[in-house]
Amino acid sequence: MQKLATSLIAIFLFSLQSSAQTTPVKATQLLNAPITGVPGHDLLMTRVEIAENTVLPMHYHPNEEYLYILEGQAYLRIEGLEDQLLSTGEVAVIPAGVLHTAVTTDTRATALTTRVHPRGQPVRLMPKDKKD
């Protein structure tokens with residue numbers, strides 16, 4: 001019985017270690033280019049791949065974020081609004097300075113995000129950084 005318990009504990013610890021090594025989000029920067037018509041700002045485009053059953057941390061950006069779902073589906077959770085299920089081919093605008101996140105269920109999602117970003121500011125800000 002003790003060998004069985006030890007084996008089960010070992011399997012459990014191994015599965016925790018294996019799942020900890022899996023990255024639930026992969027963000028690939030596709031473009032970071034100055035916008036000549038908007039001094040001090042860059043255009044940022046990022047491909048974001050989110051594994052199934054993932055909840056990203058709540059965060060916000062200094063300017064609007066434009067989201068296009070390339071494949072799969074995810075819930076867009078914006079503070080103060082109802083969750084919105086977005087699927088392949090759908091788009092959303094996330095207001096500037098508003099906390100938001102993405103949540104996947106049993107389906108993974110790949111999205112393209114685009115932002116006009118003030119140069120020199122952090123790309124992503126966390127709730128602790130928010131000034132009301």
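1. Of the protein's 132 residues, 30% count as buried, where buried means under 20% relative accessible area, exposed over 50% and partly exposed in between, with a 1.4 Å probe and protein chains only. The model is predicted, so local features need pLDDT of at least 70 and side-chain atom pairs count only at pLDDT 80 or more, while totals for chains, interfaces and linings use all residues. Residues are numbered from 1 along each chain as its sequence is written, and side-chain values use heavy atoms, with hydrogens and water left out.

2. Helices (H or I, at least four residues) and strands (E, at least two) are DSSP runs, numbered from the N terminus. Among contacts between residues at least 6 apart in sequence, 67% join residues at least 24 apart; contact means heavy atoms within 4.5 Å.

3. The largest nonpolar core has nine residues: Leu67, Ile69, Leu76, Ile78, Leu86, Ala92, Ile94, Val98 and Ala111. Such a core is a set of buried Ala, Val, Leu, Ile, Met, Phe, Trp, Tyr and Cys residues joined through side-chain atoms within 4.5 Å. Two or more residues come from each of β3 and β5 (91-94), and β3 gives the most, four.

4. Leu86, one of the core residues, touches Leu67, Ile69, Gly72, Gln73, Ala74, Leu76, Val91 and Ala92, not counting residues up to four places away in sequence.

5. Gln73 lies in strand β3. Gln73 counts as partly exposed because its relative accessibility is 26%. Gln73 and Leu86 are 13 residues apart in sequence, and their C-alpha atoms are 5.5 Å apart in space. The side chain of Gln73 also makes a polar contact with the side chain of Ser87 (3.3 Å). A polar contact is a pair of N or O atoms within 3.5 Å; within protein, one must be able to donate a hydrogen and the other to accept it, and residues adjacent in sequence count only if both atoms are side-chain atoms.

6. The lining of the largest pocket divides into 18 nonpolar, seven polar and three charged residues. Ala, Val, Leu, Ile, Met, Phe, Trp, Tyr, Cys and Pro count as nonpolar, Asp, Glu, Lys and Arg as charged, and the others, Gly among them, as polar.
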